[in-house]
Amino acid sequence: MVLSRAFLRIFGVLGTVAASCAFAQAQPSAGVPFMAHEAVYDLSLAQARGNASVNSANGRIVYKFGGNACEGYSTDFRQVSRIESGEDKTTTSDLRSTNWEDAKGASYRFKVASQTNDADPSYVDGTAERGPDGTITVKLKQPKVKTFTLDKEIVFPTEQTRRIIEAAKEGKRILELGVYDGSDNGEKVYNTFVVIGQPIAGGRAPASPDVASKSDQLKTQTRWPVTVSYYDRAAQPDKGEQTPLYTMSFELYEDGVSRALVLDYNDFVINGTMDKFEVGDNKPCK
């Protein structure tokens, strides 16, 4: 389901976050390491536009992030969501994923299992390796065995977020990246357009407090409002500007944790509010 895929990508972007030029350094330039943590987000319908038939939406995301700059970064993710539309129709989706990414953005492993209502589950399983020249070779085991290559400027999710944080610290406001995360059928690549807002100093309370804003580990950190628009890289618009598939907004802390999620599908908008936050075992490099 698109909703699940997109939220998976959010943590690809910021959850594995902060996860961010090239591949020379393994953590944000200011030296703040990514925080190992577990976060739970409650999902709700914020708005339905135009002729959208969505009457309500709810669900929950459980997200775990760990690792370090020497061993790489791992994520475990599960999302269950329910959307009610016209004629009392309810669609329930269950998405589970695990992935691991080398801290230098050179290697990526991913497994995704998704199910909608009582349909048979679908699976994506594969690896992506960056060669000496930067070109990426993707090898899929599921949904079908296939090998293909991607351009060297493509980045993986944690590297994408690492670059967002790096750009934010440098005062940049715009960032464009091609991103591969293994989602959908394992073959899609996205163009992303990132807008970074002015930094919010640690200690400044948000307008809508949540678990993150009350955390001793987070409330003194700088954070940035970030908006990421996702486009199908393979699409060729006939004329004019291409419309994004969806747009994500969130506040990103300098250690990679994110809060105040908003996912805009054009026809409807979903909010993700952090309901639980626990700091994990932040293992130093050996």
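Visitor: Which residues does V138 touch, leaving out those up to four places away in sequence?
Guide: Setting aside residues up to four places away in sequence, V138 touches T127, A128, K146, T147, F148, L150, Y180 and G186, where contact means heavy atoms within 4.5 Å. Please keep in mind that this is a predicted model, in which local features need pLDDT of at least 70 and side-chain atom pairs count only at pLDDT 80 or more, while totals for chains, interfaces and linings use all residues. Residues are numbered from 1 along each chain as its sequence is written, and side-chain values use heavy atoms, with hydrogens and water left out.

Visitor: OK, and which residues touch the most other members of the largest nonpolar core?
Guide: They are V138, L150, I164, Y180 and V226, in a core that has 59 residues. A nonpolar core is a set of buried Ala, Val, Leu, Ile, Met, Phe, Trp, Tyr and Cys residues joined through side-chain atoms within 4.5 Å.

Visitor: How much of the protein is buried, then?
Guide: Of the 286 residues in the protein, 49% are buried. Buried means under 20% relative accessible area, exposed means over 50%, and partly exposed lies in between, using a 1.4 Å probe and protein chains only.

Visitor: Switching topic, how many helices and strands are there?
Guide: The protein has 2 helices and 14 strands. Both are DSSP runs numbered from the N terminus, with helices being H or I of at least four residues and strands being E of at least two.

Visitor: Which residues does the cis peptide bond join?
Guide: The cis peptide bond joins Q142 and P143, and its omega is about 5°. If you want to find P143 in the structure, look in the loop between β7, which covers 136–142, and β8, which covers 146–150.

Visitor: What about the phi of A260?
Guide: A260 is not a glycine, and yet its phi is positive, at about 55°. This residue lies in strand β13, and with a relative accessibility of 29% A260 counts as partly exposed.

Visitor: And N266, what is its phi, and where is it found?
Guide: N266 is not a glycine either, and its phi is positive at about 80°. You will find N266 in the loop between β13 and β14, and its relative accessible area of 34% makes N266 partly exposed.

Visitor: Let's go to N68. Is that residue buried or exposed?
Guide: N68 counts as buried, because its relative accessibility is 5%. Its place is in strand β2, which runs over residues 54–68.

Visitor: What does N68 touch?
Guide: Not counting residues up to four places away in sequence, N68 touches Y73, A103, K283, P284 and C285. There is also a distance to note with F34, which is 34 residues apart from N68 along the chain, while the C-alpha atoms of the two are separated by 7.5 Å.

Visitor: Last one, where does N99 lie?
Guide: N99 lies in strand β4, which is made of residues 89–101. With a relative accessible area of 14%, N99 is buried.

Visitor: Which residues is N99 in contact with, apart from neighbours within four places in sequence?
Guide: Once those neighbours are left aside, N99 is in contact with Y73, S74, T75, Y108, R109 and F110. For T75 there is a C-alpha distance as well: N99 and T75 are 24 residues apart along the chain, and their C-alpha atoms are separated by 5.5 Å.
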